[in-house]
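Dear colleague,

Please find the structure for your study below. A short account of the findings comes after it.

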Amino acid sequence: MVIKTDLCSFSEWRIYPGHGRRFVAKDGRLFYYLNQKSRAFSARKIKSQEIQWTVAWRRLNKKIKTDEGAKKRRIRNLKVQRAIVGISLEEIRRRRKEDDKTRKAQAEQAAREIKDRKQKQIEAQKKKPAAAQKVAQKAEVKAQQKAQKGAAKANKGKK
C-alpha cells in the first residue's frame, strides 16, 4: 500500500498522514509544516540552509548525495532549412552536394553563354548601321526618283 506523504516546507522532511499542519498564506500559497518548531523558524523568516538538522543545510554542506551525477538530457537544436525567395529547398540541397569541379564547369559555361550573347549583340549593332545605311540609300533613291519625276513633269509643262 502506498502512503501519500507531503514534504515539510521548511525542513523538507516527510510528513505522514495524521501529522503536521497546513498554513495558507494571504496570497493563497499552501505551506506544510512537520511540527511547531519548523513553523516557528519559518515564521521568523530564518533560512533553512542555516539550521543544521534541515535537509537544505545537509544538501548545501554536501552531507547528502544528490542526483547531480545523472546526466541531464539536453534538447538539441535541430537545423531547419528553409527555402529562400527565388530558390527552392531542393535546389539549395543540390547546390550543397555539388563539388568544386562541377561548379567551375558551370561557371565557365555561364561565362561562355554571356560572351556569346554579347558577341551577338555587337554583331546585331554592326548590322543595324548597315541596315540603316540601306534604308537611307533607299530614301535617297526615292527622293531622286521623285525629283526626276517632278522635273519631267515640269519639262512637259514648259513645252
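Predicted model: local features only at pLDDT ≥ 70, side-chain atom pairs only at ≥ 80, totals over all residues.

Residues are numbered from 1 along each chain as its sequence is written, and side-chain values use heavy atoms, with hydrogens and water left out.

The chain contains four helices and four strands (DSSP runs, numbered from the N terminus: H or I of at least four residues for helices, E of at least two for strands). Along the sequence their pattern is β-β-β-β-α-α-α-α.

Of the 159 residues, 11% are buried (under 20% relative accessible area; exposed is over 50% and partly exposed in between, with a 1.4 Å probe and protein chains only). Ser 38 lies in helix 1, residues 36–43, and counts as buried because its relative accessibility is 0%. Leaving out residues up to four places away in sequence, Ser 38 touches Cys 8, Phe 10, Ser 11, Tyr 33 and Trp 53 (contact means heavy atoms within 4.5 Å).

The whole structure holds seven salt bridges (a side-chain nitrogen of Lys or Arg within 4 Å of a carboxyl oxygen of Asp or Glu). One of them joins Arg 59 and Glu 12, with the closest N and O atoms 2.5 Å apart. This pair links distant parts of the chain, 47 residues apart: Arg 59 is in helix 2, and Glu 12 is in the loop between strand 1 and strand 2. Salt bridges also link Glu 91, Arg 94, Arg 95 and Glu 98 in a network.

Yours sincerely
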